[in-house]
Amino acid sequence: MKKIVVVGGGHAAAQFCASVLESGQAVQMALVTEEGYLPYQRPPLSKTFIKDENPQPAWLRPGSFYADNGIVVHVNTRVTAINPGAHEVTLYSGDRFSYDTLVLATGTRARMLPLLDGDFSNVFTLRNMADAQGLREQIGPAQNVLVFGGGFIGLELAATAAGLGKQVTVLEAADRLLGRSVSSEVSDYLLATHRANGIAIELGCRADRLEVADGIVKGAWVGERFFAADVVVVGIGAEPNVELAQDAGLSCDNGIVVNEFMQTSHPDIYAIGDCTAFPSASLGRRIRLESVQNANDQARCAARSIQGDPVPYTALPWFWSDQGGTRIQIAGVPDTHHERALRGNPADGKFSVLYFDGNRLTCAESVNCPADHLASRRLISGEVPLDRTKALDPTVALKTLDQA
Ligand code: FAD
């Protein structure tokens, strides 16, 4: 029976196991994760997990799923080396597991600001349940929450903390929020909305020194301005976990390089999820994405490839972010070369920014417009030619435009 070892215990790993089982082929599977838990949902960590009274991990699959299907899960176990020639992985304990096919689902790790990279008991990044538990405990009694970084995780956390009545300040080095991820229309809307909800946001702002007492960061200075902190959260992006692959001689370039079937530069090793740099069918270049959709769809793709039924990865990227009462949903990947236009009015609290290449929709950023998001996913995937005037008229439902 074919032996598959999966390294990592996140969204991609769990979906991969489920997709292999769906095919009905007999395989032996082992999942190795350095975390102390079965795979769980990561998105709630910056949202409900911090504010709910008694939060529980949202398991991606119940424990019985692994037990009943003969999937051996090794928690608290880190894979430290791969020997592709011998088809073997080595664990931190020194034990070795052999495989016929290896799947790397190692995800990313949070970046740290050099200024805050010390032994401070009130400084957090937010990547896993252990981070979220520590943060939760300190946010409870805190008054001032200082967030470095106006990206998705920083803003979600800021909105959650503000909802708990905390005095929240976000320091963002760039001149707008989410500058690498969304249009300026969405950035501007979020800036106004978060400020209206009491979050202080400073743009173009880099802290140059800290105030520290007894290993606790009391605040940060930006020139002559001081920003007080009881808790500090650093949300400045993530790095792919590629070292295992790199040390094994696999090709890596801002991610573990895979082809359209999720196969790495070694034929018996696949990689899926946040850790991969993959060829984007729509953009015609290699990209890396960090989203639940991408992790799940790449997992499905790898499962098919490994079972001899390969189909190239062409799934449309989509993403969501909940920031207090605001839901942002993105279909496709924004391309700054494409023309963009507003559908609806930000002043109404709901709108979409549509990107066009000629008469084709290529991306849609929707704010509090779930219907636009769902319709956009179909219009983009179907490459439906659109009448732009109708597409930009918020009184015309987008979903009616593929029925012409
Ligand atoms: P991960 O889920 O990161 O899993 C990787 C796993 O591999 C980890 O458990 C890691 O510890 C383990 N690992 C790494 N190296 C080793 C090793 N050598 N040995 C053993 N185990 C190892 N996406 C959305 O689409 N919408 C959202 O709203 C959203 N919110 C988010 C909020 C937060 C706080 C975070 C952190 C992420 C959020 N994301 C969101 C992103 C989403 O969670 C990721 O895209 C998704 O988790 C990627 O899945 P993955 O399996 O590739 O990696």
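Predicted model: local features only at pLDDT ≥ 70, side-chain atom pairs only at ≥ 80, totals over all residues.
**The domains.** Begin by colouring the protein chain by its domain assignment: domain 1 (2–109 + 239–306), domain 2 (112–234) and domain 3 (334–402). The centres of domain 1 and domain 3, taken over C-alpha atoms, are separated by 33 Å.

**The ligand and its shell.** Next, select the ligand together with the 34 residues around it; Glu 34, Glu 35, Arg 42, Lys 47 and Arg 127 come nearest. Domain 1 and domain 2 each contribute at least three residues to this shell. By residue class, the shell consists of 13 nonpolar, twelve polar and nine charged residues.

Now display the backbone atoms of His 11, where an N or O atom lies 3.1 Å from an oxygen atom of the ligand. At Ala 105, a backbone N or O atom is 3.4 Å from a ligand oxygen atom. Proceed to Ser 291, which has a polar backbone atom 3.0 Å from an oxygen atom of the ligand. On its own the ligand has 1,000 Å² of accessible area, and the protein covers 96% of that area. To see which elements give two or more residues to the shell, highlight helix 1 (11–22), helix 5 (152–163), helix 8 (292–306) and strand 22 (318–323).

**The cysteines.** Finally, select the cysteine sulfur atoms; with a cut-off of 2.5 Å for a disulfide, the count is zero. For Cys 17, the nearest cysteine sulfur belongs to Cys 275 and is 14 Å away. Cys 17 counts as buried because its relative accessibility is 0%. Cys 363 is likewise in no disulfide, the nearest cysteine sulfur being that of Cys 369, 14 Å away. Cys 363 is buried, with a relative accessible area of 0%.

Note on methods
Residues numbered from 1 in each chain as written. Heavy atoms only, no water. Buried < 20%, exposed > 50% of the residue type's maximum accessible area, 1.4 Å probe, protein only. Domains from an automatic or database assignment. Near = heavy atom within 4 Å. Polar contact = N/O pair within 3.5 Å; in protein donor to acceptor, adjacent residues only side chain to side chain. Areas by Shrake-Rupley, 256 points an atom, 1.4 Å probe, with all protein chains shown as cover. Helix = DSSP H or I, 4+ residues; strand = E, 2+ residues; numbered from the N terminus. Nonpolar A, V, L, I, M, F, W, Y, C, P; charged D, E, K, R; others polar.
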